[in-house]
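The entry is shown first, and the points follow by topic.

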Amino acid sequence: MKLVIIGGGASGMAAASKAKRIRKDMEVTVIEGGNFVSYAECGIPYYLGGYFDDYNRLLHYPVEEFTKKRGIEIINGKTVTAVNPDEQVIVLDDGGKMKYDFLVIASGASAKAHPFGNVDNVFTIRTLDSAIKIKKNMNGSEICIIGDGVLGMELSSEMSRSGKKVTLISKHDRLFPKMDENITEDLIRDMKNRVNVVLGENVTDLKRNGDKITIQLSRQTVECDVCIYAVGIRPNTEFLKGSGIAMNEQGLVIADRNMKTNYSNIYAVGDCATSYNRITGKQEWHPLAQVANKMGRVAGSCIGGSMMEFKGALNTTVVKILDYEVGFTGIDEKIAVLNGFTPKSVTVKAGSRAAYYPGGEPIYLKIVYDEPSMRILGAQICGKDGAAWRLNTIETAIYGGMTMDDLFYNDLGYTPPFGPVWDPIVIGASLSMRD
Ligand SMILES: Cc1cc2nc3c(=O)[nH]c(=O)nc-3n(C[C@H](O)[C@H](O)[C@H](O)COP(=O)(O)OP(=O)(O)OC[C@H]3O[C@@H](n4cnc5c(N)ncnc54)[C@H](O)[C@@H]3O)c2cc1C
């Protein structure tokens, strides 16, 4: 029995390891287009930001862990260019073909490319290979980040921390519109003090000008030594076009709760596949590391013969920007309305520790809930001290289908150095109960 896996990232290696652990007799081959397997993409901003210079620290395991210890064959540097489900064959970029009994598509996503051709020192980031290239070329002190999504904000923060002069360019009229303005007001103020923020501008041209890169915007020109284009990602599924494997309009492979596609022996996991929204039950995109790992494990387990179901995700995102812990989970009011809920929200600004205990910082928290049922639907948070664990607490409540009442009575541990006796979470829940 032969299992072939396309992509050696988080989800692909999780699938390979799980299937092989259950079915020791199964022949498992991972085909990875890049030079590395099983590495921490999420650590790339810290590698680029100078926390460490040895990229090997981003590798979860040496390749021998898979080849020698786990008995998984790894083929690096070869890309799959086509899949033929009827013949159960994949085609490689060197023209070679490989038969499979089971196939896992774990090809991830790529950063969207800019439309101005190949310009030296203008980069996108996705893989470790791309990060190594950027680090090698990060000479000069001026860096431009285009895009103010989670990655653009994170990179601007890390690059400025490492001493670079950063310009952050956004097409939006306000920075980081992914989150509400009143939740991120301190963060945005500090970001504007730290980096040169250019708002409401579209990039109309990008070119090399001697040693510099010139970025032409609608109303001004910006120059820098290195530019990172971070305006979003797209699933790596173009090679599947025409294969008969069902994809949605975003180009994601449609996978069921076992991570199975419309072919019973083909699975899709990670950033290239749909997963279920825990609240709405809809199949959508959650391109996040934990989701990818779990999807991989589910697929590997099912292929190995031990059925598992992926129970859904909430798109929970946490990120460190400057000194802030920032994040969101669940659905916002707009999506809630589209799904038949009657959303209401509470917003809290409260201390992270007992007022008399040193080191406290404000926590900005918004909780969205469905008014008739009081079911918690989503949250946003921003603060310098203990914001991430609070978001994860609310995520757990959403995951468990809890109401605002449950959140109020939820027996959180209390001690002054870690929170006030009326924690921001409890205050938020109590506000919803006042009406
Ligand atoms: C800079 C950065 C920071 C991030 N930070 C976070 C974070 O803090 N938290 C979080 O939850 N998520 C974060 N993510 C996202 C997270 O890393 C991804 O969701 C996760 O790695 C997805 O795993 P995957 O297996 O689907 O894809 P990947 O890990 O991207 O692996 C896919 C692999 O498939 C290979 N491949 C693609 N096409 C082919 C082909 N045709 N043939 C052969 N091989 C192919 C690629 O080379 C790649 O190695 C971050 C991502 C980046 C880039």
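What distance separates the centres of domain 2 and domain 3, taken over C-alpha atoms? In this predicted model, the centres of domain 2 and domain 3 are 30 Å apart, taken over C-alpha atoms. Domain 2 supplies 7 residues to the contact between them, and domain 3 supplies 9 residues.

**Domains**

- The protein chain falls into domain 1 (2-42 + 57-111 + 233-304), domain 2 (122-229) and domain 3 (323-431).
- On the side of domain 2 that touches domain 3, 3 residues are nonpolar, 2 are polar and 2 are charged.

**Ligand shell**

- Around the ligand there are 33 residues, of which Gly7, Gly9, Glu41, Gly108 and Gly270 come nearest.
- Sorted by class, the shell around the ligand consists of 15 nonpolar, 14 polar and 4 charged residues.
- Domain 1 and domain 2 each give at least three residues to the shell around the ligand.
- At least two residues of this shell come from each of helix H1 (10-22), strand S2 (27-32), helix H2 (44-48) and helix H7 (289-304).

**Helices H1 and H7**

- Helices H1 and H7, which each supply at least two residues of the ligand shell, also meet one another.
- The axes of H1 and H7 come within 7 Å and cross at roughly 30°.
- Angles under 35 degrees count as roughly parallel, and H1 and H7 are therefore roughly parallel to each other.
- Their crossing is right-handed.
- Residues of H1 in the contact include Ala10, Ser11, Gly12, Ala14 and Lys18, while those of H7 include Ala289, Asn293, Met295, Arg297 and Gly304.
- The contact of H1 with H7 is made up of 11 nonpolar, 8 polar and 2 charged residues.

Technical notes. Residues are numbered from 1 along each chain as its sequence is written. This is a predicted model: local features need pLDDT of at least 70, side-chain atom pairs count only at pLDDT 80 or more; totals for chains, interfaces and linings use all residues. Domain bounds come from an automatic or database domain assignment. Two residues are in contact if their C-beta atoms, placed from the backbone, lie within 7 Å. Ala, Val, Leu, Ile, Met, Phe, Trp, Tyr, Cys and Pro count as nonpolar, Asp, Glu, Lys and Arg as charged, and the others, Gly among them, as polar. A residue is near a molecule or strand if its C-beta atom, placed from the backbone, lies within 6 Å of it. Helices (H or I, at least four residues) and strands (E, at least two) are DSSP runs, numbered from the N terminus. Axes are lines fitted to C-alpha atoms, for helices over the stretch in contact, and angles run from 0 to 180 degrees between N-to-C directions. Angles under 35 degrees count as roughly parallel, over 145 as roughly antiparallel, 65 to 115 as roughly perpendicular and the rest as oblique. A crossing is left-handed if the near helix is turned anticlockwise from the far one by less than a right angle, and right-handed if clockwise.
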